[in-house]
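Thanks for coming. Please have the sequence and the structure open, and we will go through them together.

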Amino acid sequence: MRTPMPPPSDHLRSVRIGLAMVLTGSVFLATGSLAVRFYWLVKVDQQQRVEQQHQAILARVEYLKAAGDHQRCIRGTQQIPVETLFHSRAIVLQDQCQRALTTAVINRAQSQASAGQLKDAISEVQTISDSAVAAQVQQLVWQWSNQILQVAEGYYRDSNGRFEDALKTASAITPDNPLYSEAQNKIRGWQQEWLNNQSRWQTVEAAFKAHQYETVLLQAQQITHPYWSRQVAPIVQAIYRR
C-alpha cells in the first residue's frame, strides 16, 4: 500500500522553511564574521595608538637626555611597559641617564668639598641610589668625614680657644655616617679634657692668689691643652721672676 504524498502546499512550506533557515544561518555567519573582523580592526587600531604613545614618550625621553634633564629622563623611561617594542631602548636610555645623573652629582659634591663645604658634599653624594657607584660613594663619604674630623681637631687644639667650633664641626657627622661613633668619641674626649684643664686652671689661679706656688707649678704641669697652657703661662712666669 503506497504512502500518500503530502499536499503540494505542505511541501512548499517545508522548502520555504528550509530556505529561511539556511538564509538565517548564512546571515548569522556573515554577521559573526563581520563582528570578529571589526573586533580585530579595533584591537589593531588600539595597539597602534598605544605604540604611537610609547613612541612619543621615547622621543620625549631622547630630548630630555640631550637637554641634560636626567631625572625626568629616567622617570620617562619608567613609563614604557616591559611588553612593548620600545622597552629595550628605554632601558638603554635609562642606564645612560642614570650614569650621567650620577656623574653630575659626584662632580657637584667634589666641587663643594674643594670649597670646604664638606658637610654639603657628603649630603649630596648620599642622595645617589646608583648601586654601580656604591663603593665610590662610600669612599668619598669616608674621605670627607675624615677631613671634617681633622678640621674639628684643629679647632680644638687652637690656642685661641675654639672649643665650641670644634664641637659644632664634629657634630656635622650624622648618625648615618660610618664615622659617627668615632666623631662622638672624640667629642666626649674633648669635653672631658677641656673640663679637666679648666678645673686645673681654676686651681692654679686660686693657689697663686694664696701664694701656694708649689701647688701652682704642680697643677700647671698637668695642663695639657694649648689654650689653658696659654692662660697659665703668665702666672708660672711670674713665679719664676720672684
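Is C97 buried or exposed? C97 is buried, and its relative accessible area is 0%. Keep in mind that we are looking at a predicted model.

C97 has a partner. In this model C73 and C97 form a disulfide, with 2.0 Å between their sulfur atoms. As a reminder, a disulfide is a covalent bond that joins the sulfur atoms of two cysteines. The angle about the S-S bond is 75°, and the link of C73 and C97 is right-handed. Where do the two cysteines sit? C73 lies in helix 2, residues 70–77, and C97 lies in helix 3, residues 87–114, so the pair ties together parts that are 24 residues apart in sequence. C73 also counts as buried, at 0% relative accessibility. The disulfide count comes to 1.

Now to the aromatic rings. How many aromatic pairs does a search of the whole structure find? The search finds 8. Take F208 and Y213: their ring centres are 6.0 Å apart and their planes meet at 55°, so this pair is tilted. For planes, over 60 degrees would count as edge-to-face and under 30 as stacked. F208 is partly exposed, at 22% relative accessible area. Y213 is partly exposed too, with a value of 21%.

There is also a cluster to find on your screens. Which residues form it? Y156, F163, W190, W194, Y227 and W228 form one aromatic cluster.

That is the end of my part.

Definitions and conventions. Residues numbered from 1 in each chain as written. Predicted model: local features only at pLDDT ≥ 70, side-chain atom pairs only at ≥ 80, totals over all residues. Heavy atoms only, no water. Phe/Tyr/Trp six-rings, centres within 6.5 Å; stacked < 30°, edge-to-face > 60°. Buried < 20%, exposed > 50% of the residue type's maximum accessible area, 1.4 Å probe, protein only. Disulfide = S-S within 2.5 Å. Helix = DSSP H or I, 4+ residues; strand = E, 2+ residues; numbered from the N terminus.
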